[in-house]
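Here is a friendly walk through some local features of a protein chain. Please keep the viewer open while you read.

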Amino acid sequence: MTRLTRLTLTTFLSAGLAASAVAQETHPETGDTLAADQTFTYRILDNISSIDPQIVEDTDGSDVVRDLFEGLLNQDENGELVPGVATDWEVSDDKMTYTFHLRDDAKWSNGDPVTAGDFVYAWRRAADPATASPYQWFISLMSLENGDAVVAGDMAPEELGVEAIDDTTLEVRLTSPLPYFPQMVVHSTTFPSPQSVIEEHGSAWTSPENFVGNGAYVLTEMNPGESIVREKNDQYWDAENVILDKSVALIINDENVALTRYRAGELDMTDIPAGQFPRLRDEYGEEAHSFPKLCNYYYTFNLSESGPEAFKDPNVRKALALAVDRDIIVNNVMAGGQPPAYVFTPEATAGFNAPETEMAGMTQAERDAKAKELLAEAGFGEDNPLSFDMVYNTSEAHQKVAVVLSQMWKQKLGVEAQLSNMEWKVFLEERGNQNFELARGAWCGDYNEASTFLDLLQSDSGYNDGKYANAEYDQLLEDALTAEDTAPLYTRAEEILAADMPVIPLYHYAGVYMIDDSLKNFPVNNIQFNWYSKDLYKAAE
């Protein structure tokens, strides 16, 4: 092996906190007086997809999984890497081999040690077609040795480029250097899984009575449509410095009901309903938060064989995209600080240079005129109106956006868009099976680099629900894997998307939340919005 260079993370570890933080009346670092009840209660929209690290595919579910499991690395409040199960790592000179050193005091909640073999098992499990992981494609993105072949079913999972050298040493071999690879192991797909528990209980292993995790919390309640409860795990290696005793997600489908419950003191955090941020900021001051998030909001066309014939024409897709007045959506409908989007990748993404698209340089009047022209060229007009169905997952905010879109298209282009909503899991399934014509989409970056967004529209991506395919686009992203300078490749990829318009970018996210003053350390400066209950605490009011 080539000479290794050590990249230690131990400097990030807090020192001198020998006494239990929970046992103290004040926070050991800030000096805040701690509240007697250390329960964090927050609102989520829907039932989550899973708490299985290799199966979960939604943002709310990932928030829960980060409490229940711990990966090699975590993030701090600014999104910087800090130790998780791994205390440090080494990377070879050719950047193709990573060696992670695991702490020897990490345990599963049943008291068993967490070993490098648990990561090997989990990564093989994610890659194995038999697991049917929605994030199986993430293994390919990680450029793991033999990853593509294992994912395709052409090689056994045991051939994946990950190996337990011993119980506390994990070796990872790549096919090409990825400068952002360490960021990727913060993602839940790479978290360890308890092999013996899974083999004993099968899919029921995630039930509270069978659950075993290695995170700072354990699952104690899973009430579909009602709540998900995690309580402190006394086997966690840093349990003495975990202050919150309990983290409770309440499933509340109506954002206004959730806001009412926040006002009543039943919630410590909830989403601000669309359009209400300015009023709530005036009323509540700094309890109302708006901050950038590494996420996009868009609508995707079904370009597969099951999709409408009209959508095969890029002029139709461009016309619909042009006619959307994004300023109305972000300023009047959402009103939470969201920037309008004319490219797919959020401009806040590290190292990304967004191209100046033709659409972005137009006035809205010019866009509307061009939209009418393109739709007429495609053969649609008063005598032959364009008609299609559009679907979104149940949410008042999503409904408002969908209604405004349909009204804009009707008034400007004579288009008839029929709206329908679906419960989250049904929506994911129908969209994934191409049982739609136009569907809402959104994506939050799995790591802070443009490929986490652009890869979604590669022809073979597991989340390319519209089945868009462009050979040049695919090649650009393939070339980016080994390029020293990826910026021009990503810029060109966005130019292709602007020309083909397989999706309609609407806006890039802002985190728009009510957060009670008593809840401390919430990471509003982490653009990926990866938060961990173990890092939070409640101060006495």
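This is a predicted model: local features need pLDDT of at least 70, side-chain atom pairs count only at pLDDT 80 or more; totals for chains, interfaces and linings use all residues.

Residues are numbered from 1 along each chain as its sequence is written, and side-chain values use heavy atoms, with hydrogens and water left out.

Let's begin with the strands (DSSP runs of E, at least two residues, numbered from the N terminus). Two of them pair if DSSP finds at least two bridges between them.

| Strand pair | Sense | Bridges |
|---|---|---|
| S9 (residues 217-223) and S10 (residues 227-232) | antiparallel | six bridges |
| S10 and S11 (residues 246-251) | antiparallel | five bridges |

S9 and S10 make a hairpin with three residues between them, and Gly-225 in the turn has a positive phi of about 80°. Asn-223 stands opposite Ser-227 of S10, while Ile-228 has Ala-249 in S11 as its bridge partner.

Next comes the disulfide (a pair of cysteine sulfur atoms within 2.5 Å). The structure holds one, joining Cys-295 to Cys-444 with S to S at 2.0 Å. This pair links distant parts of the chain, with Cys-295 in strand S13 (residues 288-301) and Cys-444 in strand S16 (residues 438-444), 149 residues apart. The link of Cys-295 and Cys-444 is right-handed, with 105° about the S-S bond.

For burial, buried means under 20% relative accessible area, exposed over 50%, and partly exposed in between (1.4 Å probe, protein chains only). Cys-295 is buried because its relative accessible area is 1%, whereas Cys-444, at 21%, counts as partly exposed.

Finally, Thr-270 sits in strand S12 (residues 269-271) and is buried at 1% relative accessibility. Leaving aside neighbours within four places in sequence, Thr-270 is in contact (heavy atoms within 4.5 Å) with residues including Arg-43, Tyr-262 and Tyr-513.

Terms used:
Helices (H or I, at least four residues) and strands (E, at least two) are DSSP runs, numbered from the N terminus.
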